Amino acid sequence: MDKLYRIGQAAQLLGVSPSTLRRWEREGKIKAERTEGAHRLYRLSQFKIAKNITARERKTIAYARVSSHDQKTDLERQKKVLEM
């Protein structure tokens, strides 16, 4: 039988936030078991499914800025560094 993890533990193991796990549950991507107090518990077998979902949904956002138009070359340099 798989070990059960609380939502915070599961989120930390997957590298996502607890709200992401709640959203995945609402969307039907994973299922949670509930305690008598209605706390969510996740099985290890659900993590394998969630990791596949995470790999598809994860995006990286980069931000670069300069304070004036005269620094346009600095902005281009920042963009190149962020793209690497």
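Ala38 sits in the loop between strands β2 (33-34) and β3 (40-43). Helices (H or I, at least four residues) and strands (E, at least two) are DSSP runs, numbered from the N terminus. This is a predicted model: local features need pLDDT of at least 70, side-chain atom pairs count only at pLDDT 80 or more, and totals for chains, interfaces and linings use all residues. Residues are numbered from 1 along each chain as its sequence is written, and side-chain values use heavy atoms, with hydrogens and water left out.

**Backbone angles**
- Ala38 has a positive phi of about 70°, although it is not a glycine.
- Most residues other than glycine have a negative phi.

**Burial**
- Ala38 is partly exposed, because its relative accessibility is 48%. Buried means under 20% relative accessible area, exposed over 50%, and partly exposed in between (1.4 Å probe, protein chains only).
- In helix α2 (residues 18-26), the buried residues are Thr20, Leu21, Trp24 and Glu25.
- These residues cover an arc of only 140° around the axis, so they lie on the same side of α2. The arc is that of the directions from the helix axis to the C-beta atoms.
- Of the protein's 84 residues, 24% count as buried.

**Whole protein**
- The protein has four helices and three strands.
- Along the sequence, the pattern is β-α-α-β-β-α-α.
- Among contacts (heavy atoms within 4.5 Å) between residues at least 6 apart in sequence, 45% join residues at least 24 apart.
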